[in-house]
Amino acid sequence: MALSLCDDTLLCNFPKCRTKLCGFAWVTACSHAFCDQHGSGEFSRSPAICPACSSALSGKLDIVRTELSPSEEYKAMVLAGLRPEIVLDISTRALAFWSYQIHQERMYQEYTLSRAEVQVKQLEKMLNQQNQSRELDLGAMRGEISSLKKVMEEYKRKYSEVAERLMERNRQYQKLRGLYDSLRLRNMVVGERDTPATHPHHLLNPGGFRPLPSPRVSPSFLAMGPEGEGCLFTGLETDRPNTFFHIRSPLRE
Ligand SMILES: [Zn+2]
Ligand SMILES: [Zn+2]
């Protein structure tokens, strides 16, 4: 038999089976149909109960195993000799069985569809709620980010102010340091003049010395005090720790 004959067919009514009926099927007086496997299994015991609607099937013709694609010889003979109204009655009942099965299948499909729709709606609702809560979270995070940015800008501004002040203090410190060095040198020169020179070459000019170079460090913690005035010496040299004075030739006096 061609498989295409089985395409437009009924399904087994056994719970969760839904096999396409093909070859032989078990049909019942309660208008249910089962595949060969479930029919032969369920209806071998007695009393027979319909697995689909629990009807008792005790009559002799309540359960029939029928060939779904009967032979030409069978079709030619099965209703032969019967009066037309009986032929039509039999056909009508067979058609009613068929329409009931189709109707049941349609009801089942509609039920499945409505359940799926309910599930889809529930999922949509859940997703919408999740999206809303995520958007709320996102908005809160954005607010937090913008407030943190404001705080950061404030800190940046304060930092640049402090850095400016620090540079100013360092400038003041360098001036004071230069002033201090010059004063110290001047004092030493005066002290050495008052005592007799031990070395003849130490003829010193009070105005001719060079100040000790200031260390090029940034002791920001030392930066303090009022602004020193009159920075006498600029152009500081590198450290020469043992050379306090620059000795000038007396001839150049
Ligand atoms: Zn089945
Ligand atoms: Zn039944």
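Pro 47 is found in the loop between α1 (36-42) and β3, where helices (H or I, at least four residues) and strands (E, at least two) are DSSP runs numbered from the N terminus. A cis peptide bond joins Ser 46 to Pro 47, with omega at about 5°. This is a predicted model, in which local features need pLDDT of at least 70 and side-chain atom pairs count only at pLDDT 80 or more, while totals for chains, interfaces and linings use all residues. Residues are numbered from 1 along each chain as its sequence is written, and chains are lettered from A and ligands numbered from 1 in the order in which they are written.

**Overall make-up**
- The chain has three helices and three strands, and from the N terminus on these elements run β-β-α-β-α-α.
- Of the 253 residues, 9% count as buried; a residue is buried if 20 or more other C-beta atoms lie within 10 Å of its own, exposed if 12 or fewer, and partly exposed in between, with C-beta atoms placed from the backbone.
- Two residues are in contact if their C-beta atoms, placed from the backbone, lie within 7 Å.
- Among contacts between residues at least 6 apart in sequence, 57% join residues at least 24 apart.

**Confidence**
- The average pLDDT (the predictor's confidence in each residue, from 0 to 100) is 82 for the chain, and 74% of the residues score at least 70.
- Residues 1-6 stay under 50 in pLDDT, and the model has four contacts beyond four places in sequence for them.
- Residues 217-247 also stay under 50, and for this stretch the model has 40 contacts beyond four places in sequence.
- Where pLDDT is low, the predicted coordinates should not be read in detail.

**The sheet**
- Three strands form an open sheet in the order β2-β1-β3, with antiparallel pairing; two strands pair if DSSP finds at least two bridges between them.
- The edge strands are β2 (33-34) and β3 (63-67), each of which pairs on one side only.
- Strand β1 (residues 24-28) pairs with β2 over two bridges: Val 27 is partnered with Ala 33, and Trp 26 with Phe 34.
- Five bridges join β1 to β3, and the partner of Ala 25 in β3 is Thr 66.
- Four of the five residues of β1 are buried, so this strand is largely enclosed by the rest of the structure.

- Leaving aside neighbours within four places in sequence, Ile 63 is in contact with Trp 26, Thr 28, Phe 43, Ala 48 and Leu 57.

- Ser 31 has a positive phi of about 70° although it is not a glycine.
- The hairpin of β1 and β2, in which Ser 31 takes this phi, has four residues between the strands.
- Ser 31 is partly exposed, with 19 other C-beta atoms within 10 Å.
- Ser 54, not a glycine either, has a positive phi of about 65° and lies in the loop between α1 and β3.
- With 8 C-beta neighbours inside 10 Å, Ser 54 counts as exposed.
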